[in-house]
Amino acid sequence: MPAASVLPIPVCAAPSDTALLERFAAGDRSALDDLFRRYRTVAFRVAYRFLGREADALDAVQEAFVKALTNLERFRGRSSFKTWLLRIVTNAALDVGRHRRRQAHTPQAPRHDPPDRFGPAELPPPEAELERADLREKIDTALARLPDPQRQTFVLHVEAGLSYREVADALGISIGTVMSRLFYARQKLKALLADQVLS
Amino acid sequence: MTARTPDSPDPADPIAPTDRTDRADRTDRINRAEPTDPVTIPPEWLAAYADGELDAAERAAVERWLTAHPEAWADLEVQRLFSPANAALWERVVPPEPSPAAWDGVRRRIDAALGPHPPVGSGRKWRAGSRLLGGLALVAATAAAVAWVAFRPVVVPPGPQGSRPAEVVRSVTEPAVAPPPRPAPPDRLAPPDRHTPAAAPRPALLAELGVLALATDDEVTLERVPNTGRGWLPVGRGLLPEVLVLATADEVKLEEVAPSPAWPTGGPKVVTGPGDAPMIYAAKLR
C-alpha cells in the first residue's frame, strides 16, 4: 500500500472589499454575507459607544448597512469601504439616539440596564462582569456628554481603530481637526470620569 | 516657550479657528526652530504623540518641549489613558457580542430592506433620514438647486402628443454672463421614454457643467425656474410623500466661495462630506 501523500491545501485569500462590492452590485447576495460578517462587529461596537444598548446598536448597524448598500454609487473609493461604512454607522447611531430621545424624553445617557445577557441558568453574571458593565456604562455616559463632533471623532479612532487620516476622510475634516477634537475630548473625559477610570 | 493655549475655545467644539496644524504647518514649525529650541507646539500635538501619529521629527519636537515643560506630562498621560493603545482599559469595556440569533435577525432585516436586488445604476430611492441645517435654507434661496428640497415636485401629467410642456430648466446654476449664442434649447429636458422604441437622444445640455449627480434620468425633468426666465431646476417626476431632507448639521459646512460669474456678489457653497447624505454643489463650468 503506497504511503499516503500530503496534499497541499490551497489557501484562498479573502476577497477584497472591492471584489465583494462588485459581486453585490452584480446581484450576488452572498457577497453581502461576507461584507456583513467582516464589518458587523466593528460597526456594532461603534454604534454601541453612542447608544449604550445592544438593541439600539443593532438597529443602527442594520440601518447603516442598508444605507451603504443602497447608495454604493456614492462610494467613490477615496477612502476604504470600512471608513465609509463607519461614517454611516456613526450617523445612523446619532439618528437612532435622537429618535429614542424624542420618544422617551430621556437624556442621551444610556439607561441603567443590567448587562444584556445572563448565563444559561439565568443567574446574574459574576461580579467581574458586573464591574465591567458598570465601567462600560460610566465610559458611555461620559462619552454621551461630549459634543457630537468630538464623540464621533473619538469613537472612530478609539473604538473603530481608524487612523487620523481615515477619521479625517470619514468625517470630511482635516487631520489637525481630528487631533484637536481628540485632545479636548480626552481632557473632558478625564474631568467627567475623575478617578473612576484612573484607579 | 510654552504650549499655546487654545484660541477662544468653543465649548461645544474647541477646535482651532483655522486648521493650522496640518502636516505642512507642523513641519514648517519644526524646521524654523533650532535643533535645541524647545519649539512651541499646540497642545493637541500631545494627542497625536500619544497615538503614534507623528513622524520622527515631530516626536522629537514634542519630546524637547516636554523636557522643557515637565508639568505637561500630566496632560500627556490623559491622552495616553484614553488612547487606543491603552488596551487594559478598552478590553474591560468591550460591549458584549450579540448572539448569533441577534445577528441573524439583523441580516434578515437588511435583506428585507434591500428588497429584490436591482442592477446598479437603475435608480435610487430617496430615503428621508435627517434634517437640513436651518442655515441651509439661506443656501437654498441662493443656490437654485437646493429648491429640490423646498419645492414639492410638480407632477407633469402626460398630455396629448404635441401639447406644450412646461418650460424646462437648463442648469442648476447659470452664469450671470450670457453664454455664447446657441440654438434655443428645448423647453423640456425629459429623459428618453423607454417605452418608445425610437426615443430621441438625450440632449447633452449639461455636458458643459460639472454638476453633482443627484438623481437618475428616470427621476427628474429639468424645468425653468419660475418667473425668472433663466436658471434651471431638477424637478422630480413624482410627488414626494414629504419634504426631502438631506443632511444633519454635522454633515455640512458652509464656505464662502470666491466671486465668480455664477455668483457675482459671492455666495455660499455647500461642501459635501463622505457618507450617505446627498449634497448639492454649486455647478461650475468645466
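The model is predicted, with local features needing pLDDT of at least 70, side-chain atom pairs counting only at pLDDT 80 or more, and totals for chains, interfaces and linings using all residues. Residues are numbered from 1 along each chain as its sequence is written, chains are lettered from A and ligands numbered from 1 in the order in which they are written, and side-chain values use heavy atoms, with hydrogens and water left out.

Let's start with chain A, which has nine helices and zero strands. Here helices (H or I, at least four residues) and strands (E, at least two) are DSSP runs, numbered from the N terminus. Chain A has 199 residues, and 52% of them count as buried; buried means under 20% relative accessible area, exposed over 50%, and partly exposed in between (1.4 Å probe, protein chains only). Take the contacts in chain A (heavy atoms within 4.5 Å) between residues at least 6 apart in sequence: 63% of them join residues at least 24 apart. The accessible surface of chain A is about 9300 Å², with 55% of that belonging to carbon and sulfur atoms. Such areas come from the Shrake-Rupley method with a 1.4 Å probe, and for residues only the protein chains shown count as cover.

Read from the N terminus, its elements run α-α-α-α-α-α-α-α-β-β-β-β-β-β. Of its 286 residues, 38% count as buried, and its accessible surface is about 15800 Å², 59% of it from carbon and sulfur atoms.

Back in chain A, helix α2 (residues 30-51) and helix α3 (residues 54-70) have axes that come within 8 Å and cross at roughly 130°. Axes are lines fitted to C-alpha atoms, for helices over the stretch in contact, and angles run from 0 to 180 degrees between N-to-C directions. α2(A) and α3(A) are therefore oblique to each other; angles under 35 degrees count as roughly parallel, over 145 as roughly antiparallel, 65 to 115 as roughly perpendicular and the rest as oblique. The residues making this contact include A:Phe36, A:Tyr39 and A:Arg40 of α2(A), and A:Glu54, A:Asp56 and A:Phe65 of α3(A). By class, the contact of α2(A) with α3(A) has 15 nonpolar, no polar and three charged residues. For these classes, Ala, Val, Leu, Ile, Met, Phe, Trp, Tyr, Cys and Pro count as nonpolar, Asp, Glu, Lys and Arg as charged, and the others, Gly among them, as polar.

Further along, the axes of helix α6 (residues 148-159) and helix α7 (residues 164-171) of chain A come within 10 Å and cross at roughly 135°. That makes α6(A) oblique to α7(A). On the α6(A) side, the contact is made by A:Gln152, A:Thr153, A:Leu156 and A:His157, and on the α7(A) side by A:Tyr164, A:Val167, A:Ala170 and A:Leu171. Five of the residues in the contact of α6(A) with α7(A) are nonpolar, three are polar and none is charged.

Now for two single residues. A:Thr90 sits in helix α4 (residues 81-104) of chain A and counts as buried, because its relative accessibility is 0%. Leaving out residues up to four places away in sequence, A:Thr90 touches A:Val46, A:Phe50, A:Gln152 and A:Leu156. A:Arg165, in helix α7 of chain A, counts as partly exposed at 45% relative accessibility. A:Arg165 and A:Val178 are 13 residues apart in sequence, and C-alpha to C-alpha they are 8.5 Å apart in space.
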